[in-house]
Amino acid sequence: MGKTWTIALKELASFFDSLMAYILLFVFLGISGFFTWWYGADVFMAGQAELASFFSIAYWTLFFFIPTLTMRTLAEERRTGTLDLLLTKAVTDRQVVLGKFIANLMLIALALLCTLPYYLTIVSIGDVDHGAVICGYLALLLMSASYIGLGILASSLTQNQLVAFLIALLIGTSFHLLFGIVASAATGAVGEVLGFLGMGTHFDSMSRGVVDSRDVIYFLSLTAAGLMGAELRLAKRGLK
Amino acid sequence: MDIRIENLSKHYGPQAAVDGIGFSVNTGEVLGFLGPNGAGKTTTMKMICGLVAPDQGTIRVGGHSVLKEPQIVRRHIGYLPENNPLYEDMPVLDHLRFSAKVQGVPEGRIQERIAEMVRVCGLDAEKHKRVGELSKGYRQRVGLAQAMVHDPEVLILDEPTTGLDPNQIVEIRELIKEVGRAKTVIFSTHILPEVEATCDRILIISKGRIVAHASPADLRRQAQGRAVLNVRVEEVDVSIVYSALAGLPGVDLVETLAQGGFILQCAPDMAVARSVSALCAERHWPLTELHSPGTRLEDIFRDLTLN
């Protein structure tokens, strides 16, 4: 765990060194703040003290932001050759992948933490269902974990960051949109399976405050699948 | 720690990058790894570091198999990859600390090891800069420092002196020499005087195969089937000197140059030089030049790798 943590901290530091972290925080807070408090279906439209509108906006902003964050994780290291440097140190492939995953997740968690004033504001307005808010944040965090896992997998496939971004977005779109759309058109077993694969249903029920173990398992398995794929891809380097 | 390599092969598609090579390096030895570009030097080094899996063959570092116990082996290896990739955003000291941590240097010793590396590699003036802001020479020193920060017993250096100016090359060479006294070092290069100055043994590979494996002196001796002697006799008629030289025992061939110069191809001992000087003394010819240029390592290298 020590080395995984070392790699995670180094990655996190490089987000801040390269200004990536500041840009992400600025734009994420800007966009989600704008739509939560100012424009469209904002919190005031709900007529209730809840953060549902923020959650549904963050559901989309994170979907776009996470690939921009994960695209460089392995692709950039492969391009500059530092991946060779890292993989010849006394660390396992798993430690490298996990370290990068933790760094990305910590940055997203920090971004979500910065929205704490939203919560405090709502609390001062009226009675808030604290459980639902906690569930909503948990759902955002779990969804982010899934997309980070898939994003790291995409980044491990290429040494071109843009390609990594597009692959991650493509995989993400399938889960975010396509499966849900196809599921609503399909019937029977196919419809059910696709419906289960879609991100939307799991996120919605959880952000409403219902923690179902099936939803948690869904997010965690997507995360694990992405990370294991990335690890396999690193281990495969000798076999090409 | 020693390195033992047996029957190592690696193919990329139909092309053999490394084709059944085997050699060993003992503790305290510096092995110069030579070969034209694309001969398989980098691939071999990557396989020793466990970065590329061989198709065939075994690599043992200190008795541990690179394939079966990569984590143990990696802890004892310091690797400087080709082109010296480093994290450009990181300050030098942070980079060294990161390398030390992932290599498992105990927390209490990290500071001491970093200070040691800064001293040995002469990084003191630039240690607070980011890697990306350094000149090429300093970058190279950081590359060496990160490879050695965990005090590895084996050092694998892929072209450590490319792109450096002559002064820096000498510095790095001295550093390798000093480090090589206690450690096992393999380094690749195509600068030939470099291997002569630093290596105990030379391994030349070409098209994935070993074409020579000997000490620099032995390599020279092997190639000395045809010694050459430069002679210059002034103020005497060229044809008289020519026939006198050609008549000496042990001389195979005489070539004439301008202004009384001659090149003799002869047997590889100094007897011919002695008889040339005796001949000139006897006839009172002014002998102004008599020396053996020796066989240059460049010629040996070209000979071995071109056919």
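Predicted model: local features only at pLDDT ≥ 70, side-chain atom pairs only at ≥ 80, totals over all residues.
Which elements of chain B make a right-handed β-α-β unit? They are strand 7, helix 6 (residues 166-180) and strand 8 of chain B.

Strand 7 of chain B covers residues 154-158. Five of its five residues are buried, so the strand is mostly covered by the cut-off used here, in which a buried residue has 20 or more other C-beta atoms within 10 Å of its own. The cover applies to both faces of the strand. On one side lie Val154(B), Ile156(B) and Asp158(B), and on the other lie Leu155(B) and Leu157(B). Asp158(B), a residue that counts as charged, is thus listed among the buried residues of strand 7.

Strand 7 of chain B pairs with strand 6 and with strand 8. Strand 6 of chain B (residues 77-80) runs parallel to strand 7 and is joined to it by four bridges. Within this pairing, Tyr79(B) stands opposite Ile156(B) of strand 7. Strand 8 of chain B (residues 184-189) also pairs with strand 7 in the parallel sense, here over five bridges. In that pairing Val154(B) has Thr184(B) of strand 8 as its bridge partner. Helix 6 of chain B belongs with strands 7 and 8 to the right-handed β-α-β unit.

Chain A has 13 helices and zero strands. Its pattern along the sequence is accordingly a run of α elements, α-α-α-α-α-α-α-α-α-α-α-α-α. Chain B has eleven helices and 14 strands.

For chain A, the radius of gyration is 19 Å, which agrees with the value near 18 Å that a compact globule of 240 residues would have. For chain B, the radius of gyration is 25 Å, but a compact globule of 307 residues would have one near 19 Å.

The table sets out further values for each chain.

| Property | Chain A | Chain B |
|---|---|---|
| Span of the C-alpha trace along its principal axes | about 60 × 45 × 30 Å | about 80 × 45 × 30 Å |
| Residues that count as buried | 40% of 240 residues | 40% of 307 residues |
| Of contacts between residues at least 6 apart in sequence, those joining residues at least 24 apart | 77% | 66% |

Chain B is divided into two domains, domain 1 (3-220) and domain 2 (223-298). The centres of these domains, taken over C-alpha atoms, are separated by 45 Å.

**Contact between chains A and B**

How many residues of chain A are in contact with chain B? There are 21, and they touch 22 residues of chain B. On the chain A side, the elements that give two or more residues are helix 1 (2-17) and helix 6 (82-87) of chain A. Helix 1 of chain A supplies the largest share of this side, with six residues. By residue class, the side of chain A that touches chain B divides into six nonpolar, nine polar and six charged residues.

Technical notes. Residues numbered from 1 in each chain as written. Chains lettered and ligands numbered in written order. Domains from an automatic or database assignment. Contact = placed C-beta atoms within 7 Å. Buried ≥ 20, exposed ≤ 12 C-beta atoms within 10 Å, placed from the backbone. Pairing = 2+ DSSP bridges. Right-handed = clockwise from strand over helix to strand, strands pointing away. Rg over C-alpha atoms; globule rule 2.2 N^0.38 Å.
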